Amino acid sequence: LAATNHPWDLDSALLRPGRLGQLVFVPPPDHEARAHILWVNLMGRPRSDSLDVWAVAKTTEGFSGADLRSVCDLAAEDAMNASLAAGTIVSIDTARLLAAVSACRPSVGAWVDQAKNVARFSNTGGRYDDLVEWLRRK
């Protein structure tokens, strides 16, 4: 079992049966997945009761799971700094999380651009049919 964002860069010998004989396409997270990723990355951290990860997830199209973790880390760092200044615990709320989203760049766009070229020019033997189908629906 292995994972890569660039399966087209793997040596074809690795993709033979008995080695890594099958490719499984895992698309970037959709709205629901992004909301859950945000929630999981905020577990164990002080969160406001009014925190709306669903609203924040709407603003994170093109963010990977790692990008979303960075958003949560940035929001947590901001809340911690505010807590130190206030002398009391400041929770992570929707506004703080949205500010963190604004400070982060999504990384999926560059990958999609490269994946389009692979789907167009290198889909020999149907290896990237799942990617082609996902790009068609996107």
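In this predicted model, the largest nonpolar core comprises 19 residues, and those with the most contacts inside it are Leu 38, Leu 42, Val 53, Phe 63, Val 71, Ile 92 and Leu 97. Four helices each supply at least two residues of this core: helix 1 (31-42), helix 2 (53-58), helix 3 (65-86) and helix 4 (94-103). Helix 3 gives the most, with 6 residues. Apart from this core lies another, made up of 12 residues, with Trp 8, Trp 111, Ala 115 and Leu 135 among them.

Not counting residues up to four places away in sequence, Leu 97 touches Leu 42, Leu 51, Val 56, Val 71, Cys 72, Ala 75 and Ile 92. Two of these partners, Val 71 and Ile 92, are themselves listed with Leu 97 among the residues with the most contacts inside the core.

Leu 97 also takes part in the meeting of helix 3 with helix 4. Two packed helices are described by the angle between their axes and the distance between the axes. Here, the axes of helix 3 and helix 4 come within 8 Å and cross at roughly 125 degrees. Helix 3 is therefore oblique to helix 4, and the crossing is right-handed. On the helix 3 side, the residues involved are Val 71, Cys 72, Leu 74, Ala 75, Asp 78, Ala 79 and Ala 82; these meet Arg 96, Leu 97, Ala 100, Val 101 and Ala 103 of helix 4.

Leaving aside neighbours within four places in sequence, Ile 37 is in contact with Pro 29, Gly 65 and Leu 68. Ile 37 and Ser 64 are 27 residues apart in sequence, with a C-alpha to C-alpha separation of 9.5 Å in space.

When residues up to four places away in sequence are not counted, Ser 83 touches Thr 88, Ile 89 and Val 90.

Notes: Residues are numbered from 1 along each chain as its sequence is written. This is a predicted model: local features need pLDDT of at least 70, side-chain atom pairs count only at pLDDT 80 or more; totals for chains, interfaces and linings use all residues. Side-chain values use heavy atoms; hydrogens and water are left out. A nonpolar core is a set of buried Ala, Val, Leu, Ile, Met, Phe, Trp, Tyr and Cys residues joined through side-chain atoms within 4.5 Å. Buried means under 20% relative accessible area, exposed over 50%, partly exposed in between (1.4 Å probe, protein chains only). Contact means heavy atoms within 4.5 Å. Axes are lines fitted to C-alpha atoms, for helices over the stretch in contact, and angles run from 0 to 180 degrees between N-to-C directions. Angles under 35 degrees count as roughly parallel, over 145 as roughly antiparallel, 65 to 115 as roughly perpendicular and the rest as oblique. A crossing is left-handed if the near helix is turned anticlockwise from the far one by less than a right angle, and right-handed if clockwise.
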